[in-house]
Amino acid sequence: MVGTDPYPFEGACPRWRTVDKKFIEQMKTKLIKEKERLEAELKQMQEASQSATMSEQAGENDYEDSFADTGSATFERERDDSLGWNVKDLLYQVKQALHSIDEGTYGICSNCHEPIKKARLQALPYTDTCVSCREKQER
Ligand SMILES: [Zn+2]
């Protein structure tokens, strides 16, 4: 990369100049680590839910009398699923952020197209909205 411009489309996006490349590289490293962590977590959860299904089937007769009518076993399963969905959602956002680094649009708010503050990106490297747009969305 030395001596060459890694972002040939820089001229096409004047605001890109406000985001420095060294910072983007730091965020990219963070995002790759986060992606690996999330993928490992997701794999662990999938394995855990598989073994949970097996032990549930093995202990089916014990549960039948006490829990058959309360539906608490179903509740546990639903909670686990939503947890898995959050990790998947996060992983998706991390992948999108890595993609936007390749596209040269990282650090730009997807809503108002203003640069996102560095402090926000450091706290949430996979975010694609600035603080003010985020607040508007949450309202
Ligand atoms: Zn915005």
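These exercises, with worked solutions, concern the predicted model shown above.

Residues are numbered from 1 along each chain as its sequence is written. Because the model is predicted, local features need pLDDT of at least 70 and side-chain atom pairs count only at pLDDT 80 or more, while totals for chains, interfaces and linings use all residues.

**Exercise 1. Secondary structure and confidence**

State how many helices and strands the protein has, and which elements have the lowest and highest mean pLDDT.

Solution. Helices (H or I, at least four residues) and strands (E, at least two) are DSSP runs, numbered from the N terminus. The protein has five helices and zero strands, giving the order α-α-α-α-α from the N terminus. Next, take pLDDT, the predictor's confidence in each residue, from 0 to 100. The protein has a mean of 78, with 66% of residues at 70 or more. Over residues 1–12, pLDDT stays under 50.

**Exercise 2. The largest nonpolar core**

Solution. A residue is buried if 20 or more other C-beta atoms lie within 10 Å of its own, exposed if 12 or fewer, and partly exposed in between, with C-beta atoms placed from the backbone. A nonpolar core is a set of buried Ala, Val, Leu, Ile, Met, Phe, Trp, Tyr and Cys residues joined through C-beta atoms within 7 Å. The largest such core holds 12 residues, among them Met 27, Leu 31, Val 94, Cys 109 and Leu 121. Helix α1 supplies the largest share, three residues.

**Exercise 3. Cys 109 and Lys 95**

Determine whether Cys 109 is buried or exposed, and do likewise for Lys 95.

Solution. Start with Cys 109, found in the loop between α3 and α4. Cys 109 is buried because 20 other C-beta atoms lie within 10 Å. Contacts are residue pairs whose C-beta atoms, placed from the backbone, lie within 7 Å. Leaving aside neighbours within four places in sequence, Cys 109 is in contact with Glu 114, Ile 116, Thr 129, Cys 130 and Cys 133. Asp 128 is 19 residues from Cys 109 in sequence and 5.4 Å away, C-alpha to C-alpha.

Now take Lys 95, in helix α3. Lys 95 has 14 C-beta neighbours inside 10 Å, so it counts as partly exposed. Between Lys 95 and Leu 31 there are 8.1 Å, C-alpha to C-alpha, although the two are 64 residues apart in sequence.

Technical notes: Two residues are in contact if their C-beta atoms, placed from the backbone, lie within 7 Å.
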